[in-house]
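Me: Please show me the sequence and the structure, and then take my questions one at a time.

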Amino acid sequence: MLDYWERRAKLLRRKPDQNAETAELGEEVRLASLVEESIVDGPGLRFVLFTQGCPHRCPGCHNPHTHLLAGGRLYSLEWILSLYDKQLACQGITFSGGEPFLQGGPLAKIAQAVHERGGDVITYTGYRLERLQELAKEDDGISALLAETDLLIDGPFIQERRSLETPFVGSSNQRLLALSIKGEQALEQIDQFNEFR
Ligand code: SF4
(Lines give C-alpha, C1' and ligand atoms only; values in the text may rest on other atoms or scores of the structure.)
Protein backbone atom coordinates (compact mmCIF):
# COMPACT_ATOMS: atom_id res chain seq x y z
CA MET A 1 0.00 0.00 0.00
CA LEU A 2 1.31 3.45 -0.92
CA ASP A 3 2.02 5.72 2.02
CA TYR A 4 0.96 9.35 2.24
CA TRP A 5 4.02 10.85 0.52
CA GLU A 6 4.09 8.23 -2.21
CA ARG A 7 0.41 8.89 -3.03
CA ARG A 8 1.03 12.66 -3.15
CA ALA A 9 4.12 12.24 -5.32
CA LYS A 10 2.13 10.00 -7.68
CA LEU A 11 -0.59 12.65 -8.02
CA LEU A 12 2.01 15.33 -8.58
CA ARG A 13 3.60 13.43 -11.42
CA ARG A 14 0.33 13.61 -13.35
CA LYS A 15 0.56 16.24 -16.07
CA PRO A 16 -2.04 18.99 -16.19
CA ASP A 17 -4.22 19.24 -19.27
CA GLN A 18 -1.76 19.76 -22.09
CA ASN A 19 -4.34 21.78 -24.01
CA ALA A 20 -4.76 24.23 -21.17
CA GLU A 21 -4.77 27.79 -22.38
CA THR A 22 -2.81 30.33 -20.41
CA ALA A 23 -4.13 33.86 -20.68
CA GLU A 24 -1.84 36.53 -22.04
CA LEU A 25 -3.62 39.11 -19.95
CA GLY A 26 -4.59 39.00 -16.30
CA GLU A 27 -2.93 37.55 -13.26
CA GLU A 28 -1.17 34.23 -13.29
CA VAL A 29 0.25 31.72 -10.87
CA ARG A 30 3.23 29.45 -11.47
CA LEU A 31 2.38 25.80 -10.88
CA ALA A 32 4.30 22.55 -10.92
CA SER A 33 1.04 20.69 -11.38
CA LEU A 34 -2.69 20.77 -10.87
CA VAL A 35 -4.95 17.93 -9.74
CA GLU A 36 -8.69 18.26 -10.23
CA GLU A 37 -9.77 15.56 -7.77
CA SER A 38 -7.69 14.41 -4.81
CA ILE A 39 -8.55 12.59 -1.58
CA VAL A 40 -5.07 12.80 -0.07
CA ASP A 41 -4.65 16.57 0.34
CA GLY A 42 -7.23 17.33 3.01
CA PRO A 43 -10.74 16.19 3.94
CA GLY A 44 -13.25 15.49 1.20
CA LEU A 45 -12.66 15.60 -2.51
CA ARG A 46 -10.27 18.46 -3.27
CA PHE A 47 -8.98 20.53 -6.16
CA VAL A 48 -5.23 20.90 -5.67
CA LEU A 49 -2.66 23.37 -6.93
CA PHE A 50 0.99 22.35 -6.50
CA THR A 51 2.82 25.65 -6.66
CA GLN A 52 6.27 26.01 -8.17
CA GLY A 53 9.19 27.33 -6.13
CA CYS A 54 10.28 26.45 -2.60
CA PRO A 55 13.05 27.99 -0.48
CA HIS A 56 12.94 25.39 2.30
CA ARG A 57 14.75 22.48 0.60
CA CYS A 58 13.81 19.96 3.30
CA PRO A 59 16.05 16.86 3.18
CA GLY A 60 13.93 13.94 1.96
CA CYS A 61 11.41 16.19 0.15
CA HIS A 62 9.30 14.08 -2.21
CA ASN A 63 8.67 16.97 -4.60
CA PRO A 64 12.18 18.28 -5.41
CA HIS A 65 11.10 19.30 -8.91
CA THR A 66 8.92 22.02 -7.32
CA HIS A 67 11.93 23.80 -5.78
CA LEU A 68 13.19 25.93 -8.66
CA LEU A 69 11.37 29.24 -9.00
CA ALA A 70 11.91 29.16 -12.74
CA GLY A 71 10.29 25.77 -13.27
CA GLY A 72 6.70 24.75 -13.81
CA ARG A 73 4.32 26.74 -15.95
CA LEU A 74 2.18 29.86 -15.67
CA TYR A 75 -1.61 29.48 -15.51
CA SER A 76 -4.16 32.27 -15.52
CA LEU A 77 -6.38 32.58 -12.45
CA GLU A 78 -9.36 32.71 -14.77
CA TRP A 79 -8.53 29.36 -16.35
CA ILE A 80 -7.89 27.69 -12.98
CA LEU A 81 -11.27 28.89 -11.69
CA SER A 82 -13.04 27.74 -14.84
CA LEU A 83 -11.62 24.28 -14.21
CA TYR A 84 -12.57 24.42 -10.51
CA ASP A 85 -16.14 25.30 -11.47
CA LYS A 86 -16.43 22.01 -13.36
CA GLN A 87 -15.58 19.99 -10.24
CA LEU A 88 -18.99 20.16 -8.61
CA ALA A 89 -18.20 17.46 -6.05
CA CYS A 90 -15.11 19.21 -4.68
CA GLN A 91 -15.34 20.41 -1.08
CA GLY A 92 -12.70 23.07 -1.66
CA ILE A 93 -9.20 23.82 -2.78
CA THR A 94 -5.77 22.90 -1.42
CA PHE A 95 -2.60 24.88 -2.08
CA SER A 96 0.46 22.68 -1.81
CA GLY A 97 3.93 22.89 -3.19
CA GLY A 98 6.46 24.08 -3.44
CA GLU A 99 5.82 26.95 -1.07
CA PRO A 100 2.39 28.54 -1.69
CA PHE A 101 3.21 31.69 0.28
CA LEU A 102 5.77 32.68 -2.36
CA GLN A 103 2.71 33.47 -4.52
CA GLY A 104 0.37 34.62 -1.80
CA GLY A 105 -1.25 37.45 -3.78
CA PRO A 106 -2.66 35.48 -6.72
CA LEU A 107 -3.47 32.45 -4.56
CA ALA A 108 -5.44 34.68 -2.17
CA LYS A 109 -7.57 35.78 -5.13
CA ILE A 110 -8.28 32.16 -6.07
CA ALA A 111 -9.06 31.39 -2.42
CA GLN A 112 -11.46 34.32 -2.23
CA ALA A 113 -13.26 33.09 -5.35
CA VAL A 114 -13.47 29.57 -3.87
CA HIS A 115 -14.98 31.03 -0.68
CA GLU A 116 -17.55 32.92 -2.75
CA ARG A 117 -18.52 29.56 -4.26
CA GLY A 118 -18.94 28.01 -0.79
CA GLY A 119 -15.71 25.99 -0.75
CA ASP A 120 -12.99 25.82 1.89
CA VAL A 121 -9.27 26.55 1.58
CA ILE A 122 -6.36 24.49 2.91
CA THR A 123 -2.81 25.78 2.57
CA TYR A 124 0.37 23.77 3.14
CA THR A 125 3.50 25.70 4.05
CA GLY A 126 7.08 24.96 5.04
CA TYR A 127 6.99 28.02 7.31
CA ARG A 128 5.61 27.97 10.86
CA LEU A 129 2.52 30.13 11.36
CA GLU A 130 4.40 32.46 13.72
CA ARG A 131 7.02 33.16 11.02
CA LEU A 132 4.31 33.79 8.43
CA GLN A 133 2.65 36.28 10.77
CA GLU A 134 5.95 38.15 11.04
CA LEU A 135 6.50 38.11 7.28
CA ALA A 136 2.90 39.21 6.70
CA LYS A 137 3.66 42.58 8.32
CA GLU A 138 5.73 43.48 5.27
CA ASP A 139 4.24 41.26 2.57
CA ASP A 140 0.66 41.91 1.46
CA GLY A 141 0.50 38.62 -0.45
CA ILE A 142 1.32 36.55 2.62
CA SER A 143 -1.13 38.56 4.68
CA ALA A 144 -3.89 38.10 2.07
CA LEU A 145 -3.36 34.34 1.76
CA LEU A 146 -3.32 33.88 5.53
CA ALA A 147 -6.61 35.78 5.72
CA GLU A 148 -8.18 33.48 3.09
CA THR A 149 -6.84 30.20 4.54
CA ASP A 150 -9.23 28.10 6.62
CA LEU A 151 -6.85 25.31 7.58
CA LEU A 152 -3.08 25.81 7.61
CA ILE A 153 -0.76 22.78 7.61
CA ASP A 154 2.53 24.27 8.67
CA GLY A 155 6.18 23.48 9.21
CA PRO A 156 8.94 21.88 7.15
CA PHE A 157 9.11 18.17 6.41
CA ILE A 158 11.60 16.62 8.87
CA GLN A 159 12.75 13.23 7.65
CA GLU A 160 13.71 11.97 11.14
CA ARG A 161 10.16 12.71 12.31
CA ARG A 162 8.40 11.18 9.32
CA SER A 163 5.06 9.86 10.53
CA LEU A 164 1.98 8.12 9.22
CA GLU A 165 0.00 8.78 12.41
CA THR A 166 -1.71 12.04 11.51
CA PRO A 167 -3.52 12.17 8.19
CA PHE A 168 -2.42 14.79 5.66
CA VAL A 169 0.97 15.52 7.23
CA GLY A 170 4.36 14.05 6.41
CA SER A 171 6.21 14.50 9.71
CA SER A 172 5.08 14.80 13.30
CA ASN A 173 6.29 18.42 13.73
CA GLN A 174 3.73 19.65 11.20
CA ARG A 175 0.57 21.18 12.66
CA LEU A 176 -3.00 21.38 11.42
CA LEU A 177 -4.19 24.83 12.45
CA ALA A 178 -7.76 26.05 12.03
CA LEU A 179 -7.77 29.75 11.13
CA SER A 180 -11.55 30.07 10.64
CA ILE A 181 -14.87 28.32 11.35
CA LYS A 182 -14.53 26.41 8.10
CA GLY A 183 -11.06 25.36 9.28
CA GLU A 184 -12.52 24.04 12.53
CA GLN A 185 -15.10 22.08 10.53
CA ALA A 186 -12.32 20.61 8.40
CA LEU A 187 -10.46 19.57 11.57
CA GLU A 188 -13.61 17.85 12.86
CA GLN A 189 -13.85 15.95 9.57
CA ILE A 190 -10.22 14.85 9.97
CA ASP A 191 -10.89 13.71 13.56
CA GLN A 192 -13.86 11.64 12.37
CA PHE A 193 -11.72 10.19 9.59
CA ASN A 194 -9.09 9.25 12.20
CA GLU A 195 -11.65 7.38 14.31
CA PHE A 196 -12.47 5.06 11.40
CA ARG A 197 -8.89 4.34 10.39
S1 SF4 B 1 8.42 22.75 2.20
FE2 SF4 B 1 7.50 20.99 1.12
S3 SF4 B 1 8.06 21.26 -1.05
FE4 SF4 B 1 9.39 22.62 0.15
S5 SF4 B 1 11.25 21.39 0.47
FE6 SF4 B 1 9.93 21.12 2.28
S7 SF4 B 1 8.74 19.24 1.82
FE8 SF4 B 1 9.62 19.97 -0.13
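Me: Which strands does helix α3 lie across, and at about what angle does it run to β4?
Reply: This is a predicted model, in which local features need pLDDT of at least 70 and side-chain atom pairs count only at pLDDT 80 or more, while totals for chains, interfaces and linings use all residues. Residues are numbered from 1 along each chain as its sequence is written. Helices (H or I, at least four residues) and strands (E, at least two) are DSSP runs, numbered from the N terminus, and axes are lines fitted to C-alpha atoms, for helices over the stretch in contact, with angles from 0 to 180 degrees between N-to-C directions. Helix α3 (residues 104-116) lies across β1 (28-38), β4 (92-96) and β5 (120-124), and its angle to β4 is about 165 degrees.

Me: Which strands does helix α6 touch, and what angle does its direction make with that of β7?
Reply: Two residues are in contact if their C-beta atoms, placed from the backbone, lie within 7 Å. Helix α6 (residues 181-195) packs on the sheet and touches β5, β6 and β7; the angle with the direction of β7 is about 135 degrees.

Me: In what order do the strands of the sheet stand, and which stand at the edges?
Reply: Two strands pair if DSSP finds at least two bridges between them. The open sheet has seven strands with mixed pairing, in the order β3-β1-β2-β4-β5-β6-β7. One side of each edge strand is left without a neighbour in the sheet, because each has a single partner strand; these are β3 (73-76) and β7 (175-178).

Me: Which residues of β5 are buried on each face?
Reply: A residue is buried if 20 or more other C-beta atoms lie within 10 Å of its own, exposed if 12 or fewer, and partly exposed in between, with C-beta atoms placed from the backbone. Five of the five residues of β5 are buried, so this strand is largely enclosed by the rest of the structure. In a regular strand the side chains alternate between the two faces of the sheet. In β5, one side has D120, I122 and Y124, and the other has V121 and T123.

Me: At what angle do the axes of α4 and α5 cross?
Reply: Two packed helices are described by the angle between their axes and the distance between the axes. In the contact, L132, L135 and A136 of α4 meet I142, S143 and L146 of α5. The axes of α4 (residues 129-136) and α5 (residues 140-148) come within 7 Å, and they cross at roughly 130 degrees.

Me: Is R57 buried or exposed?
Reply: R57 is in the loop between β2 (46-51) and β3. Its phi is near 50 degrees, a positive value in a residue other than glycine. Because R57 has 10 C-beta neighbours inside 10 Å, it counts as exposed.

Me: Is F168 buried or exposed?
Reply: F168 is in the loop between β6 and β7. Although it is not a glycine, F168 has a positive phi of about 75 degrees. With 20 other C-beta atoms within 10 Å, F168 is buried.

Me: Which residue is joined to G97 by a cis peptide bond?
Reply: The omega of this bond is about 0 degrees.
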